[in-house]
Amino acid sequence: MNPGEPAAALQRALALSQQLLIAADSGDVATVAELDAERRRLLVSVRHEVQHLDADQRLVLREIAALNDQALGRMEHRLRAKARDLDMACAGRRALHAYAATRLQR
């Protein structure tokens with residue numbers, strides 16, 4: 001890898017991480033997966049240069065990790081919200097069946 005390539009790859013990965021966070025906020029799982037795959041390819045390409053990264057490049061890596069943590073947290077939040085919605089729908093369905101059964105007995 002040429003001397004400027006790791007820095008460029010890290011900057012592109014940072015931009016993808018920012019886009020990924022926006023996609024995670026909107027719940028666009030397909031876009032999150034696409035952006036994550038592209039970002040992963042960039043980070044894998046820089047993997048062998050980690051020992052030679054300067055302080056600014058290491059800071060970019062930390063920022064990428066922080067954005068990734070935020071995106072994961074937002075996706076997990078959405079997952080829990082969907083799970084709660086499904087639980088409520090199931091509880092409502094059970095209640096509907098229970099009330100329907102008691103009405104027929106009168």
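1. Arg12 is partly exposed, with a relative accessible area of 36%, where buried means under 20% relative accessible area, exposed over 50%, and partly exposed in between, computed with a 1.4 Å probe on protein chains only. This is a predicted model, in which local features need pLDDT of at least 70 and side-chain atom pairs count only at pLDDT 80 or more, while totals for chains, interfaces and linings use all residues. Residues are numbered from 1 along each chain as its sequence is written, and side-chain values use heavy atoms, with hydrogens and water left out.

2. The structure holds three salt bridges, a salt bridge being a side-chain nitrogen of Lys or Arg within 4 Å of a carboxyl oxygen of Asp or Glu. One of them joins the side chains of Arg12 and Glu38, with an N to O distance of 3.1 Å. Because Arg12 lies in helix α1 and Glu38 in helix α2 (residues 29-46), this pair ties together parts that are 26 residues apart in sequence. Helices here are DSSP runs of H or I with at least four residues, numbered from the N terminus. Glu38 is partly exposed, its relative accessible area being 28%.

3. A salt bridge also connects Asp25 with Arg74, whose closest N and O atoms are 2.9 Å apart. This pair links distant parts of the chain, since Asp25 belongs to helix α1 and Arg74 to helix α3 (residues 55-105), 49 residues apart. Asp25 counts as partly exposed at 40% relative accessibility, and Arg74 is partly exposed as well, with a relative accessible area of 33%.

4. What is the setting of the salt bridge between Arg39 and Asp36? Their closest N and O atoms are 2.7 Å apart, and both residues lie in helix α2, three residues apart, which is about one turn of the helix. Arg39 counts as buried at 5% relative accessibility, whereas Asp36 is partly exposed, with a relative accessible area of 33%.

5. Which residues touch the most other members of the largest nonpolar core? They are Leu10 and Ile64, in a core of 18 residues, where a nonpolar core is a set of buried Ala, Val, Leu, Ile, Met, Phe, Trp, Tyr and Cys residues joined through side-chain atoms within 4.5 Å. Helices α1, α2 and α3 each supply at least two residues of this core, and α1 gives the most, with nine residues. In soluble globular proteins, nonpolar side chains tend to be buried together.

6. Not counting residues up to four places away in sequence, Ile64 touches Leu10, Ala13, Leu14, Ser17, Arg39 and Leu43, contact meaning heavy atoms within 4.5 Å. Ser17 has its place in helix α1, which covers residues 5-26, and it counts as buried because its relative accessibility is 1%. With neighbours within four places in sequence left aside, Ser17 is in contact with Arg39, Ile64 and Leu67.

7. Is Gln18 buried or partly exposed? Gln18, which is found in helix α1, is partly exposed, with a relative accessible area of 37%. Gln18 touches Glu63 and Leu67, again not counting residues up to four places away in sequence. Gln18 and Pro6 are 12 residues apart in sequence, and their C-alpha atoms are 18 Å apart in space.
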